[in-house]
Amino acid sequence: MAYQFTVPSRCMFGSGALDQCEMTIKEYGKKAFIVTGKVVTKSGILKKLTDRLDTWGIEYEVFNEIIGEPTDEMIVEGVKAYKKAGCDFTIGIGGGSPLDSAKAIMAMTVLDGEIADYIGKELEGEFPPLVLIPTTAGTGSETTKFTVVTDTKKDIKMLLKGEKLLPTLAVVDYELTISAPKGVTAATGMDALTHAVEAYTSRKANPLTDMYALSAIKRIFKYLPKAYKDGENKKAREEMALAAFEAGVCINNSSVTIVHGMSRPIGALFHVPHGISNAMLIKECLTFAVDGCYEKFANIARKIGVVGTETADEVAANAFLEALERLCETCEIPTLKQYGIDKEKFDSLVDKMATDAIDSGSPGNTVKEVTKDDVIKIYQKLW
Ligand SMILES: [Zn+2]
């Protein structure tokens with residue numbers, strides 16, 4: 001079987017990565033449209049970028065209206081602001097939300113109609129250059145062709161895609177992740193883990209994504225607890241930044257599966273951050289999926305060192321699930337109840353969530369077949 005493998009056109013990694021990008025960024029134009037959020041602005045990280053742009057003689061317009069996960073309304077406002085300011089290219093800086101927003105805004109500065117018109121289609125066109133600078137280690141948005149935007153009329157998270165959404169330049173500097181608070185470190189780290197495990201056990205997995213996936217999973221099991229405990233641990237932050245990138249490469253070229261499929265409706269309806277809703281689901285979803293590919297789950301267990309090479313696949317696969325549960329505990333992942341979700345409301349929406357999950361197509365990539373009934377049962381098991 002043939003498969004495609006794509007990554008951003010150019011990437012710069014490591015401490016001080018942005019400083020190395022002057023000549024590259026100057027090629028993109030004279031005025032940048034910076035898409036970010038208030039947290040990044042307040043934390044001083046945005047200033048690090050704008051100081052560089054000032055030094056390099058590049059003008060910019062800051063759009064820091066990304067509050068929470070992106071919605072169609074934010075994208076409309078962003079496109080208006082981009083056009084009004086007359087920018088040449090876009091820089092997204094922040095967590096997954098500003099980066100996903102930057103992709104969507106970039107595309108919609110060129111495309112006609114509303115972003116919801118492009119659900120199920122390829123977002124394609126001659127888009128202006130795009131620089132993505134993650135400040136969390138998790139979503140991997142800087143290395144994917146996807147953007148997730150909420151359709152506020154229908155209360156669904158739209159998964160939109162297009163090869164042209166891959167950035168022209170990804171700048172991955174772990175120093176920018178050091179100020180991320182504990183909750184964000186846990187949520188985004190668990191998101192990266194979910195990406196790697198899902199891509200590895202997806203029907204769309206291929207030898208290259210398998211290589212990136214196992215590498216990411218190993219780093220995350222070793223370094224997420226360290227980064228969570230001590231955000232100043234530079235080695236842990238560096239390893240997590242690499243793992244998030246690797247895991248992003250995985251989903252870009254393989255796919256997510258049941259966890260993300262079931263996670264988006266929880267996010268859309270109960271406003272649970274993406275990484276947390278994944279982490280709430282991952283153990284139950286993979287417990288369901290494990291007998292679809294014992295061998296692969298067993299490989300993960302061997303890679304992270306919770307079993308030896310002689311252990312039988314089924315036993316090893318279950319040892320991975322136990323290790324996963326311990327990791328969730330270490331990172332203090334809340335349950336739906338602890339998060340404050342109303343059970344009655346949840347129960348009344350389970351049917352819609354299951355439909356939306358299946359319709360997103362992601363559960364269909366799971367090696368084991370997933371029905372709507374299976375999805376409903378897993379949602380109920382979360383209580
Ligand atoms: Zn994700």
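Four donors count as tetrahedral if all angles lie between 85 and 135 degrees; four count as square planar and six as octahedral if opposite donors are over 155 degrees apart and all others between 65 and 115; anything else is irregular. The zinc ion here has an irregular arrangement, because its four donor atoms subtend angles of 87 to 172 degrees. This is a predicted model, where local features need pLDDT of at least 70, side-chain atom pairs count only at pLDDT 80 or more, and totals for chains, interfaces and linings use all residues. Residues are numbered from 1 along each chain as its sequence is written, and side-chain values use heavy atoms, with hydrogens and water left out.

**Zinc site**
- Asp191 (OD), His195 (NE2), His260 (NE2) and His274 (NE2) are the protein donors, 2.1 to 2.2 Å from the zinc ion.
- Donors are N, O and S atoms within 2.8 Å of the metal (3.2 Å for Na, K and Ca); water is not among the atoms, so sites may look incomplete.
- The donor spacing in sequence is D-x3-H-x64-H-x13-H.

**Helix H6**
- Helix H6 (residues 182–200) holds both Asp191 and His195, four residues apart, about one turn of the helix.
- Helices (H or I, at least four residues) are DSSP runs, numbered from the N terminus.
- Asp191 is buried at 2% relative accessible area, and His195 is buried at 3%.
- Buried means under 20% relative accessible area, exposed over 50%, partly exposed in between (1.4 Å probe, protein chains only).

**Helix H8**
- In H8, 16 of the 20 residues are buried, so the helix is largely enclosed by the rest of the structure.

Note on methods
Helices (H or I, at least four residues) and strands (E, at least two) are DSSP runs, numbered from the N terminus.
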